[in-house]
Amino acid sequence: MTSAPPSTTPSTTRRRREQLRDFLRTRRARLTPADVGMPAVGRRRTPGLRREEVAMLAGVGVSWYTWLEQGRDINVSAEVLDAIGRALRLTERERAHLYLLAGLNPPPAGEARGAPVGPELRHLLDAWAPRPALLRDRYWNLLAINDATRAVFDYDDTDRNCLISFFTNARYRAAHAHWASVAPDVVAAFRADAAHSPDDPEFDRVVDELRAVSPEFAELWARHQVGGPGQAVKAVRHPEAGDLVFDKTTLVVADHPDWYLELFNPRPGTGTADRLDRLSRVPLADPA
């Protein structure tokens with residue numbers, strides 16, 4: 001849902017309108033009628049599209065668009081801003097900038113499904129070893145993990161979604177020291193994430209798949225509890241290393257805002273760091 005940003009003092013509002021005026025003018029000036037499939041009619045004193053041409057392409061009134069470009073105090077909607085963005089051939093980042101200058105929060109950036117994980121992120125995951133680290137998307141699908149995650153949490157190539165593995169990976173469940181007490185919070189956090197995109201079928205797919213195989217998840221999902229992100233403690237009982245306790249921190253990847261980096265750091269005073277170091281010297285078993 002789009003809403004006004006918190007900073008709405010008179011000075012910031014005036015500055016946004018000035019920037020909006022200049023931004024729209026420069027975006028209009030870089031386009032020609034040929035760029036948008038329109039015939040060039042008459043001589044042009046200035047380069048680029050005319051205001052009435054942008055208004056026609058966006059399906060808005062010429063006077064209204066003129067007032068918007070002049071930075072006047074008028075009401076705008078997300079739908080109209082999207083139409084203007086298409087008319088001006090704005091990039092996704094330019095579209096988000098237009099929203100902010102118009103006084104609205106931009107919608108979440110679209111994420112290309114199946115986008116490859118770059119070598120920089122993979123190197124970061126590997127460099128975090130011997131501590132576990134993983135990369136997931138907004139649906140909690142696993143995008144990449146490091147060897148420490150495989151060794152500590154017993155993930156393998158069949159694990160593709162954090163939530164599904166939490167309920168269906170028998171090895172992981174057996175190792176989790178407080179699985180039953182943590183499960184409601186895990187489901188509540190996923191519901192909170194899904195609520196941001198109520199029409200996204202991928203969230204429904206994960207829920208439907210899990211409800212079909214896990215009565216425990218189905219019962220917890222029916223409670224409609226909602227949680228939130230934040231720091232978390234993760235405790236596992238490893239068959240070789242013993243009790244391991246981690247502080248989990250979740251970070252958003254700047255150039256992929258739908259990707260989340262989960263880093264697990266040994267909790268001080270638990271002896272986890274020493275046991276983790278010894279475990280890292282044990283060769284990983286061949287998954288085959």
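Q: How are helix 10 and helix 11 oriented to each other?
A: In this predicted model, helix 10 (residues 179-195) and helix 11 (residues 201-213) pack with their axes 10 Å apart at an angle of about 155 degrees. Axes are lines fitted to C-alpha atoms, for helices over the stretch in contact, and angles run from 0 to 180 degrees between N-to-C directions. Angles over 145 degrees count as roughly antiparallel. The two helices, helix 10 and helix 11, are therefore roughly antiparallel.

Q: Which residues of helix 11 meet helix 10?
A: Contact means heavy atoms within 4.5 Å. From helix 10, the residues are Phe190, Asp193 and Ala194; their counterparts in helix 11 are Phe203, Val206 and Val207.

Q: What is the strand order of the open sheet?
A: Helices (H or I, at least four residues) and strands (E, at least two) are DSSP runs, numbered from the N terminus. Two strands pair if DSSP finds at least two bridges between them. Strand 2 (142-145) and strand 3 (232-238) are the edge strands, each pairing on one side only. With antiparallel pairing, the 5 strands have the order 2-1-5-4-3.

Q: Which residue is the bridge partner of Ala235 in strand 4?
A: Strand 3 and strand 4 run antiparallel and are joined by 7 bridges. They form a hairpin with 3 residues between them. In strand 4, Ala235 has as its bridge partner Val245.

Q: At about what angle to strand 4 does helix 13 run?
A: Helix 13 (residues 272-280) lies across strand 3, strand 4 and strand 5. Its angle to strand 4 is about 90 degrees.

Q: How many residues of helix 4 are buried?
A: Buried means under 20% relative accessible area (1.4 Å probe, protein chains only). Among the buried residues of helix 4 are Leu81, Asp82 and Ile84. They belong to a buried set that packs against helix 1 (10-29), helix 2 (51-58), helix 3 (62-69) and helix 5 (92-101). Of the 10 residues in helix 4 (residues 78-87), the number buried is 7.

Q: What limits apply to these values?
A: Residues are numbered from 1 along each chain as its sequence is written, and side-chain values use heavy atoms, with hydrogens and water left out. Totals for chains, interfaces and linings use all residues, whereas local features need pLDDT of at least 70 and side-chain atom pairs count only at pLDDT 80 or more.

Methods
Parallel < 35°, antiparallel > 145°, perpendicular 65-115°, else oblique. Buried < 20%, exposed > 50% of the residue type's maximum accessible area, 1.4 Å probe, protein only.
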